[in-house]
Amino acid sequence: TSPRFQALLGGREEEVGAAQEARAALRQRYLRGLAAARGRPTHFSLRAGVRVDAVFGAADVEAVAFQVDALRTPLGVEAAALLRCTDVLAFSFLLD
Amino acid sequence: RTGRSVEPPAERPGERRMAEMKKLYGAEAAKIQAMEAAMQLIFDRNCDKKQPKYWPI
Amino acid sequence: MNDWQKKSPLEWKTYKMVKVAAVEKHEYEGWVLTVDPVSASIVLATFLENEKVSISVVLGHAVQEVEILREGDDEMKQRLSCIFAPEESKAYSP
């Protein structure tokens, strides 16, 4: 159990049930959000001011990497690639 | 690493994790675990099929 | 561990417009759709003029500060709760 887990578990005893419910809702919405990103053109902001566009492919559960397709790098297009989550600061995509 | 599939199986797969999930999510733990498993499956399948490399290297 | 990460998950049950300050002087503004309890990543929605919704995910490790700008009203709550709604509930909405 990570320190972050512990911190997020915080709260008084009687709040535990309500906190679990809220946490479950937040996690579910996050997972559905990642699912909604699949196949969409996505803009990634990486460390050191690097910005790249790709098609969102998939994310792993442990938040290690994002799999992307058609990654446009300064040196050309990679058909498929992995971006390390530690390199990524943020990413964005459009829903219609 | 490109996904879980390359790792040796953890001891007692699932059990410890389910206990942690229950603590975090209560009654919704099983549902969330199923969603996570589905997401991981897609990731692993994509990695197997496309053999993506890390960028930047 | 930043202060904002100590927030109870209950605080995000109501929809809030926030400004997120991230590392390397990045800033993001939008309505919080969710804060992932595992990675602490923040998912923001902004409504564009062409009726599209822009989704931004700021990774937990990059977040430095979260400033709450305002609370959403009922209409905003309605709009936001439809985004990433589970399939079963989507089936009932037009």
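This is a predicted model: local features need pLDDT of at least 70, side-chain atom pairs count only at pLDDT 80 or more; totals for chains, interfaces and linings use all residues.
**View 1. Chain B against chain A.** The contact involves 29 residues of chain B and 35 residues of chain A. Together the two chains bury about 3000 Å². Carbon and sulfur atoms account for 65% of that area. On the chain B side, B:Leu24, B:Met39 and B:Trp55 lose the most area to chain A. These three residues together make up 26% of what that side buries.

View 2. The rule finds 2 salt bridges between chain B and chain A. One of them pairs A:Arg27 with B:Glu36. Their closest N and O atoms lie 2.7 Å apart. Polar contacts link 12 residue pairs across the interface, counting residues at pLDDT 80 or more.

**View 3. Elements of chain B that touch chain A.** Three elements of chain B each give two or more residues to this side: helix H1 (15-25), helix H2 (29-50) and strand E1 (53-54). H2(B) gives the most, with 11 residues. By class, the side of chain B that touches chain A has 13 nonpolar, 12 charged and 4 polar residues.

**View 4. Strand pairing between the chains.** Strand E4 (residues 76-84) of chain A is joined to E1(B) by 2 bridges. The two strands run parallel. Within this pairing, A:Ala81 stands opposite B:Lys53 of E1(B).

Technical notes:
Residues are numbered from 1 along each chain as its sequence is written. Chains are lettered from A and ligands numbered from 1 in the order in which they are written. Side-chain values use heavy atoms; hydrogens and water are left out. Contact means heavy atoms within 4.5 Å. Buried area is the accessible area (1.4 Å probe) that two parts lose on being put together, summed over both. A salt bridge is a side-chain nitrogen of Lys or Arg within 4 Å of a carboxyl oxygen of Asp or Glu. A polar contact is a pair of N or O atoms within 3.5 Å; within protein, one must be able to donate a hydrogen and the other to accept it, and residues adjacent in sequence count only if both atoms are side-chain atoms. Helices (H or I, at least four residues) and strands (E, at least two) are DSSP runs, numbered from the N terminus. Ala, Val, Leu, Ile, Met, Phe, Trp, Tyr, Cys and Pro count as nonpolar, Asp, Glu, Lys and Arg as charged, and the others, Gly among them, as polar. Two strands pair if DSSP finds at least two bridges between them.
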